[in-house]
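Dear colleague,

Please find the structure below, together with its sequence.

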Amino acid sequence: MTDETYTNPVLNADWSDPDVIRVGDDFYLTASSFGRVPGLPLLHSRDLVNWALVGHALERLEPAAEFTTPRHDCGVWAPALRYHDERFWIFWGDPDQGIFQVNAPEIRGPWTQPHLLKEGKGLIDPCPLWDDDHDEAYLVHAWAKSRAGIKNRLTGHRMHPDGTTLLDDGKVIVDADRIPGWFTLEGPKLHLHDGWFWILAPAGGVETGWQGAFRSRGFFGPYEEKVVLEQGDTDVNGPHQGAWVSTPSGEDWFLHFQQRGAYGRLIHLQPMRWDGGGTSRSSVAESGGGWPVIGDAGAPVAVHRKPDLPPQPTAAPATDDDFPGGRYGRQWQWTANPQDGWATHHSGDGLRLTCARTTDTDDLRRLPNLLTQRLPAEPVAVEVELRLHSQEVGARAGLAVLGDAYSWIGLQRGADGTVMFVHRFAEPVADRERDASEPCPAPSGRVHLRIEIGTNARCRFFYDVGDGPRPSGQVFAATPWRWAGALLGLFALAPVGTGHAGAAGFARFRISSLH
């Protein structure tokens, strides 16, 4: 990368299923947040390369009672971000509830409470479109077979322009079962361009799919299709599902994800242009117009010149945190709707987590009060200082790498009152954790924790209780959830009992490159 070029991915962590818009000179991005809270992250950029996390649109998941415990692969799927009538709008599908929307006058809010636009199982990946020239509004969505029993098709609705009501029962406007070789069509993004309705939608599955484009003179079809981005001879598998956005000077760009195992879905930026025509496998009476050409003749680029936009300082979503006043940064999310008192504010620096009482002391995957952030998709060292302020036998706190399998290091109060350094793990099929190394005393009740995460998310664990750093346990290969990447997490807990169980203090959380 030089001052004139960028290198993909431009967001090197799990910002799954991105959608991007431009408002004036500013670009905004949102992404899937699944069962983590707050949800619907909001990122800002001036050049499509350097991004900062500026907030979230969803303070709590709804219905709130459904998310008092972790539902790691549920919740917010594939949101669509739009700007209309001087408001920001986000539509998303919850595969178990239906299609929701929120809106706000500014990207930082205040955002409305979630409005359930269409109730039902398996309704995912919605995207609205306002046709102001004809005072019409539309909505398209996909289907999750795991809930609805159907997939590989897109359903279209007329929508009231205020975004609160659908005006019909819906019609299948693209049935990919009728297109030879196409499967798992989902993630549609709807646009009007050059007199055509365009649906940019991925197919072929998360890890190996392609990006399709569909066009029609009328919203309800018929549509013709074309593959506009696929892996080709590159090492970017499944380059698809994302957003088309234009710069003020008229350049077109496309942001999409690449599934990278434990790291989740990383975000790439591709140049985009329009060709002078093109053909497709469908026969449509009305033809003409151009097709989008994404990347290098339909294959992803690794390095490319930057968009024609004013130069910006290097930036990326924050990871480090000193927790000033006990407050955690925007990069952190709980694994369920939070309760008052999980984290307490105070006058100094450092995070103070309450040792919340739970019956799930032996499985962090069931713990709602686990504070997480995304796992960087590059070799890094993760470090934090921990002190256990609890006299409760069995109280514990630590730093975890969390997915379908997990491993953590930290401190635990033993039956004899001694504070011990512990290292535990659980396999995907296990219903409880077990020791990854022999516990050892931490006489001061303090420890410096370090996890070195190398190639392919292979983790090595280290600790220092005051006599120098020592390795702990075997190498642990981080694993993703079904749809989301692995997480880094901080937690404090205690067994079921009566009264306050104390707290744990975390200080100087750092992520540094191992390059």
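The sulfur of Cys440 lies 19 Å from the closest cysteine sulfur, that of Cys355, which is too far for a bond. Please bear in mind that this is a predicted model.

Turning to the aromatic residues, the count comes to 24 aromatic pairs. One of them joins Trp332 and Phe509 edge-to-face, with 4.9 Å from centre to centre and 75° between the planes. Trp332 lies in the loop between strands E22 (303–305) and E23 (333–334) and Phe509 in strand E37, so this pair ties together parts that are 177 residues apart in sequence. Trp332 is buried at 1% relative accessibility, and Phe509 is buried at 0%. Elsewhere, ring pairs link Tyr138, Phe197, Phe219 and Phe220 into a cluster.

The charged end of Arg71 sits over the ring of Phe67, 5.1 Å from its centre, and that of Arg265 sits over the ring of Phe257, at 4.8 Å.

Finally, the largest pocket has a volume of about 640 Å³. Its lining comprises 30 residues, with Val10, Asn12, Ala315, Ala316 and Pro317 nearest the centre. Strand E37 contributes the most to this lining, with three residues. By type, the lining residues are 15 nonpolar, 11 polar and four charged.

With kind regards

Notes. Residues numbered from 1 in each chain as written. Predicted model: local features only at pLDDT ≥ 70, side-chain atom pairs only at ≥ 80, totals over all residues. Heavy atoms only, no water. 1 Å grid on protein atoms, 1.4 Å probe; cavity = no way out; pocket = protein on both sides within 12 Å on 5 of 7 lines; lining within 4 Å. Points joined across faces, edges and corners; volume = space filled by probe spheres on them. Helix = DSSP H or I, 4+ residues; strand = E, 2+ residues; numbered from the N terminus. Nonpolar A, V, L, I, M, F, W, Y, C, P; charged D, E, K, R; others polar. Disulfide = S-S within 2.5 Å. Phe/Tyr/Trp six-rings, centres within 6.5 Å; stacked < 30°, edge-to-face > 60°. Buried < 20%, exposed > 50% of the residue type's maximum accessible area, 1.4 Å probe, protein only. Lys NZ or Arg CZ within 6 Å of the ring centre and 35° of its normal.
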